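Thanks, everyone. Let me put the structure up, and then I'll walk through a few places in it.

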Amino acid sequence: EGHDYGRAVHYRQAAAANASRRTATREAVDHLQRAEALLAHLPEDGARLQTELAIQMGLGPALMSTRGYAAPEVEQAFTRARTICQALGDAAPLFPVLWGIWGYHVVRGAMGLARPLYEQCLAVAEQTGDPDLLVEGHHAGWVTRFFCGDLAAARDHVDRGLALYRPEHRGHVLVYGQDPAVTAHSYGALIAWYMGDPDGARRHGDAALALGHEVAHPFSLGFALNFVTWVHYCRGDTAATRAHAEQLIALATNEGFPFWLAGATHFLAWAMVSEGDVDGGLARMRAGQEAWRATGAGLGLPSHIGRLAESLVIADQLDAAAAAVAEAQAFVASSGQRYYEAELHRLHGEILWRTGGKSAKAVADVDTALTRAVTVADAQGSRWLALRAGTSLARLRRHQKQPAAARRILEP
């Protein structure tokens with residue numbers, strides 16, 4: 001490369017762009033990081049800042065794939081990009097930079113930080129009226145609102161985003177890290193299941209997988225596989241959960257996607273427990289959860305820990321299960337992720353039922369937990385979680401010699 005550092009930087013950028021088009025993401029990261037290191041040899045002027053901005057905006061989404069959305073390097077790339085935008089007085093690239101910062105915080109599970117950033121992204125998109133930005137503004141919306149437990153609002157964002165999506169938006173994989181329609185259908189599948197629409201869940205899931213293959217972008221396909229696996233878990237379909245988790249593990253291992261690998265490992269572990277390999281499944285589940293946290297991710301931890309508690313109940317490790325539920329509930333309170341709150345109340349009640357005896361106080365505590373589960377699920381519009389909680393509460397009512405009350409709980 002000699003001393004012609006400017007040409008060397010541009011060469012590395014071109015090589016990174018070529019690698020990204022071939023979905024060779026790790027190679028793209030290497031070229032961009034080498035280009036970034038060479039910048040120190042260039043004059044400190046506006047041209048250098050423009051070049052660095054392009055490098056940081058390329059690094060952000062690429063690092064999401066290779067390190068995980070919530071890795072410190074992701075925040076560093078997007079924060080530096082925002083600083084450069086401010087120094088240049090250039091607002092044009094600011095939307096994808098804000099979106100990247102939102103993505104970092106939302107996957108860390110910090111809804112208190114993520115929600116205002118999503119609202120800011122959507123407001124900017126609505127002010128411009130640019131469909132390119134609106135698709136991604138709604139993208140930020142369906143993710144944030146789902147994990148906050150705002151199911152109807154999340155579904156509305158999915159519908160609006162899909163209505164705006166056009167084939168040219170497939171190029172968003174280079175700016176935002178994944179195809180927006182794949183993620184919309186992925187979330188659409190899970191939201192539909194939560195809201196009691198199994199046919200909608202199947203339609204969205206099939207569309208996510210089909211488009212994930214069609215766009216030929218491995219990280220987007222990983223997104224679809226992850227959410228379809230999640231829906232199969234919700235359905236209680238052990239065989240389908242295992243099959244899709246194994247597909248995702250193979251993809252994530254081959255492509256170097258630690259975020260998807262950790263998530264798939266967790267679902268595979270649940271399937272192992274359900275199939276009777278309780279000890280092996282629990283060990284693998286803990287490993288998957290540790291790997292998830294190692295990426296910096298806090299998003300989804302309430303359900304990850306909840307599945308661990310569910311598995312510990314199967315293993316008759318009730319004290320450990322109770323501790324896991326308490327940990328998950330504390331995380332819900334601190335993070336604002338309420339999408340699994342109802343199920344955690346239900347699990348708390350079920351564990352109390354097994355450990356607290358049948359005294360009047362013990363039964364009252366179980367009643368409080370299960371009633372709270374039904375109330376939260378109903379308020380969020382989650383017919384799935386309401387049915388699970390209602391089934392547990394109806395069983396309690398039958399124990400209390402209240403068969404009419406039990407029937408009313410389960411009436412449609």
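Start with Gly281. Is Gly281 buried or exposed? Its relative accessibility is 0%, so Gly281 counts as buried. This is a predicted model, by the way. Gly281 sits in helix 15, residues 278-294. What does Gly281 touch, leaving aside neighbours within four places in sequence? Ala269, Met272 and Val273. Now take Gly256. Gly281 and Gly256 are 25 residues apart in sequence, and their C-alpha atoms are 23 Å apart in space.

Next, helix packing. Two packed helices are described by the angle between their axes and the distance between the axes. Look at helix 10, residues 180-194, and helix 12, residues 218-235. The angle is about 5°, and the axes are 9 Å apart. Angles under 35 degrees count as roughly parallel, so helix 10 is roughly parallel to helix 12. Who makes the contact? From helix 10, it is Val182, Thr183, Ser186, Tyr187, Ala189, Leu190 and Trp193. From helix 12, it is Ser220, Phe223, Ala224, Phe227, Trp230, Val231, Cys234 and Arg235. By class, the residues of this contact between helix 10 and helix 12 are 11 nonpolar, 3 polar and 1 charged.

Now a second pair. Helix 20 covers residues 383-399, and helix 21 covers residues 403-410. Their axes come within 8 Å and cross at roughly 175°. The cut-off here is over 145 degrees for roughly antiparallel, so helix 20 runs roughly antiparallel to helix 21. On the helix 20 side we have Leu387, Gly390, Thr391, Leu393, Ala394, Arg397 and Arg398. They meet Ala405, Ala406, Ile409 and Leu410 of helix 21. How do the residues of the contact of helix 20 with helix 21 divide? Into 7 nonpolar, 2 polar and 2 charged.

Glu411 and Asp365 are 46 residues apart along the chain, with 24 Å between their C-alpha atoms.

On to the rings. How many aromatic pairs does a search of the whole structure find? It finds 28. Let me show you one of them, Phe147 with Tyr339. The pair is edge-to-face, at 4.9 Å centre to centre and 80° between the planes. Phe147 is in helix 7, residues 131-147. Tyr339 is in the loop between helix 17 (318-335) and helix 18 (341-355). That is 192 residues apart, so the pair links distant parts of the chain. Both partners are buried: Phe147 has 2% relative accessibility, and Tyr339 has 0%.

There is also a charge over a ring. The charged end of Arg307 sits over the ring of Tyr233, 4.8 Å from the ring centre.

Last topic, backbone angles. Most residues other than glycine have a negative phi. Ala216 has a positive phi, near 55°. Ala216 lies in the loop between helix 11 (198-214) and helix 12. At 55% relative accessibility, Ala216 counts as exposed. Then Asp316. Its phi is positive too, about 60°, although Asp316 is not a glycine. Where is Asp316? In the loop between helix 16 (301-314) and helix 17. Asp316 counts as exposed, at 59% relative accessibility.

That's my tour. Questions, please.

Conventions. Residues numbered from 1 in each chain as written. Predicted model: local features only at pLDDT ≥ 70, side-chain atom pairs only at ≥ 80, totals over all residues. Heavy atoms only, no water. Axes fitted to C-alpha atoms, helices over the stretch in contact; angles between N-to-C directions. Helix = DSSP H or I, 4+ residues; strand = E, 2+ residues; numbered from the N terminus. Parallel < 35°, antiparallel > 145°, perpendicular 65-115°, else oblique. Contact = heavy atoms within 4.5 Å. Nonpolar A, V, L, I, M, F, W, Y, C, P; charged D, E, K, R; others polar. Phe/Tyr/Trp six-rings, centres within 6.5 Å; stacked < 30°, edge-to-face > 60°. Buried < 20%, exposed > 50% of the residue type's maximum accessible area, 1.4 Å probe, protein only. Lys NZ or Arg CZ within 6 Å of the ring centre and 35° of its normal.
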